[in-house]
Amino acid sequence: KEGVVERVRIQSAPDVKANVSKSLRDFCQVVLTQLDLPDLRMGLQPPADLLPGIQGRGSSDLFPGLLGYGDTRDESDLPPQLSMTYEPWFDPIIDSAYLPETDLLSAAETAILNGNLGKLGPTRNDLSSLVPSGILVRVQDQSGAVLPQTALEAYGLDTGGKLALLESGTTGKQGTLAIRPSNMLNRPWLILKASRNGANEYAWLKTWQIVDMAARGSKNIALINLRFNLPAGTLDTASNLAANKIVLDSKGSLPAKLAALVDEDPLTVSETELKPGDWLELDLGRDRPIGELRFTLPSGSKIWNAFDILTYGTGERPSEARPWIREKAGIWALLNRKDVASGRNSIAYRGPGTRARFIRIMVKEGGPVRISEITVAPLAAP
C-alpha cells in the first residue's frame, strides 16, 4: 500500500536535471527512462507483415501509464481473481464497477519498479520473479461467451525479429488453454490466433497483463480472458441480407439519403448525424439467421463511439428488441480491429447466433459519420 518505493537521486542524472522545467508528468517520464526498465510498450500499430488478416490493426492500451503501457485504473474494489478487461468489450461486472483512471503509473509499472528494487544493470530487465508460474488464456467471443474446442496458436518474435509459432493447442471445455510463462519473459507481447467455424481472429496477450495479474494476487496462475471476434457459426460471406433493403432512422431521413448504405456500391456514401438516443434500422424482409454486421467506411471516416446493435423479429415491437452487440469504444475499435481492403476500412460485429428481421443501431455517443456500406452476412450453419 506504500506505492513505489524506488528512489532516484536527480543530482546524479544529468538528463533528468536538464528537464526539471517540464510539467510534473513529463518530468516523471524523464526520470523513469533513466531506470533501465524493460520496454513493454506496444505502439499503435503491430509490426508489418506479421500475419494475414491483421494488417492495419493496432494494439493500443486504453489507460496507459507513464511508461506507455498498462492500465492506470484503480481496480481495488474488484476481487483479485477477476480478470480485468483491458480492451473495451462490454462486461456487465467490470462496467458496473467504479474504476477511476489516472495518467500516472499503472499497476504493472508499479510492480516492475518495486520488483527491481536493489537490482543493477541487465538484471533490471528480468521479469521472471514478476510472472506467475502458470498462465491460462480463456477464449471468448465478442459477447463474452467461452469458446471450447477452439484451435489456438501463439506467435511471437524470435531473436532475429521474425514472427515464429511458439505453441499451439485446442481449448478445453471451459475455453482455456495454458501458455508457457517462458514465452512471455523476453517479449512484450504474443499474438494469439483463434480458429473456429472456418474463421480466424486475433488478440494480443501482453506481458504487462501477466505482471498486472500477478501483482493483484494471482501469483501462481494468471487467468486472462481474451475476446476474439469469431462468428457463432459458419458465415455465408457471399450473401448480403441487407442488399437493397429498407433503411429508416429516427430523424425521418429521406429513403434516397439512406439507400447508399445498402446499395452494394462502395463508391456511394451516406452522411448522417445521429445524437444519443437516435437510431438507424435495417428491415431484412423476414427473419433470417444473422452472423455478422459490417460497416464499410470511406478513408478517414469514423464510426459512432458508443452504440448498441439490437435485433427483433417479425411480429415483435421495437420495445422488445434484444441487445446483440454493444460497442462502447468505436474509435478504439476502428483503430485496433478494423479490416482494410481497397483503401477502405471496415469493422465487423459478430454476436451470438440469432434470428431476426429487424436490426436497430441505437446510438449512445453520436456525431456525424460517413458510411459506404452496411452489410449483413447470414449463418450458413449454426
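Buried here means under 20% relative accessible area, exposed over 50% and partly exposed in between, with a 1.4 Å probe and protein chains only. This is a predicted model, in which local features need pLDDT of at least 70 and side-chain atom pairs count only at pLDDT 80 or more, while totals for chains, interfaces and linings use all residues. Residues are numbered from 1 along each chain as its sequence is written, and side-chain values use heavy atoms, with hydrogens and water left out.

**View 1. Helix α4 and its buried residues.** In helix α4, which covers residues 107-115, the buried residues are A108, E109, T110, A111, I112 and L113; helices (H or I, at least four residues) and strands (E, at least two) are DSSP runs, numbered from the N terminus. These buried residues of α4 pack against α2 (24-32) and α6, where contact means heavy atoms within 4.5 Å.

**View 2. The open sheet β4-β1-β7.** Three strands in the order β4-β1-β7 make up an open sheet with mixed pairing, two strands being paired if DSSP finds at least two bridges between them. At the edges stand β4 (176-179) and β7 (221-227), each of which pairs on one side only. Neighbouring strands of this sheet are turned against each other by 30° on average, direction ignored, with axes taken as lines fitted to C-alpha atoms (for helices over the stretch in contact) and angles running from 0 to 180 degrees between N-to-C directions. Helix α6 (residues 207-215) packs on the sheet, where it touches β1 and β7, and its direction makes about 135° with that of β7.

**View 3. The pairing of β1 with β4.** Strand β1, residues 134-140, pairs with β4 in the antiparallel sense over four bridges. Within this pairing, L136 stands opposite A178 in β4.

**View 4. The largest nonpolar core around L192.** Of the 44 residues in this core, L192, L205 and F228 touch the most other members; a nonpolar core is a set of buried Ala, Val, Leu, Ile, Met, Phe, Trp, Tyr and Cys residues joined through side-chain atoms within 4.5 Å. The elements that give two or more residues to the core are α4, β1, β2 (151-157), β4, β5 (189-196), β6 (199-206), α6 and β7. When its neighbours within four places in sequence are left aside, L192 has contacts that include V137, L152, A154, Y202, L226 and F228.
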